[in-house]
Amino acid sequence: MVPADQPHLRLSDDERQDALDALSEHVRTGRLDIGEFGDRSSRVTGARTRGDLIPLFSDLPDPRPKFLSAYRPPAAEPVRRPSQPPSQRLASLAVPAAAVVAIVLFFTVAKGFWLVFLIPVAVALLAGSLFGGRGR
């Protein structure tokens with residue numbers, strides 16, 4: 001068997017059937033719906049090379065066609081988010097904390113005084129005005 005790292009090789013009828021069988025299994029297990037199966041199976045029957053099938057299985061686990069079972073696309077580099085200054089991190093934690101405080105106050109001290117739920121709103125507005133400016 002020729003390795004999958006040779007995407008330029010032409011497909012045989014058996015390899016196409018193997019790919020269709022794998023797609024059928026993914027429909028049976030609920031990973032693909034009937035519409036996706038129809039689209040992908042039509043692309044399998046029209047595929048000429050092994051490389052044409054790689055994108056059809058890139059988001060699916062096993063079963064895969066036998067010639068693709070050893071192939072795994074290169075791992076994507078992790079997305080790095082820009083770091084936030086500590087003041088913005090603190091501000092992003094302040095609103096949920098204020099919501100918890102408001103709930104506790106509502107059921108204990110304030111006993112049904114619904115205006116305590118304005119506390120998280122006030123904290124959100126204050127944190128947004130102090131730390132939320134873009135481009136700072």
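A nonpolar core is a set of buried Ala, Val, Leu, Ile, Met, Phe, Trp, Tyr and Cys residues that are joined through side-chain atoms within 4.5 Å, where buried means under 20% relative accessible area, exposed means over 50% and partly exposed lies in between, with a 1.4 Å probe and protein chains only. The model is predicted, so that local features need pLDDT of at least 70 and side-chain atom pairs count only at pLDDT 80 or more, while totals for chains, interfaces and linings use all residues. Residues are numbered from 1 along each chain as its sequence is written, and side-chain values use heavy atoms, with hydrogens and water left out.

The largest nonpolar core has 15 residues, and those with the most contacts inside it are L23, V44, L53, F57 and L68. At least two residues of this core come from each of α1 (13–28) and α3 (50–57), helices being DSSP runs of H or I with at least four residues, numbered from the N terminus. Leaving out residues up to four places away in sequence, F57 touches A19, A22, L23, R64, P65 and L68, a contact being heavy atoms within 4.5 Å.

In helix α1 is also found E15, which counts as buried because its relative accessibility is 15%. Its side chain reaches the backbone nitrogen of S12 at 2.9 Å and makes a polar contact with the side chain of R50 at 2.4 Å; a polar contact is a pair of N or O atoms within 3.5 Å, of which, within protein, one must be able to donate a hydrogen and the other to accept it, and residues adjacent in sequence count only if both atoms are side-chain atoms.
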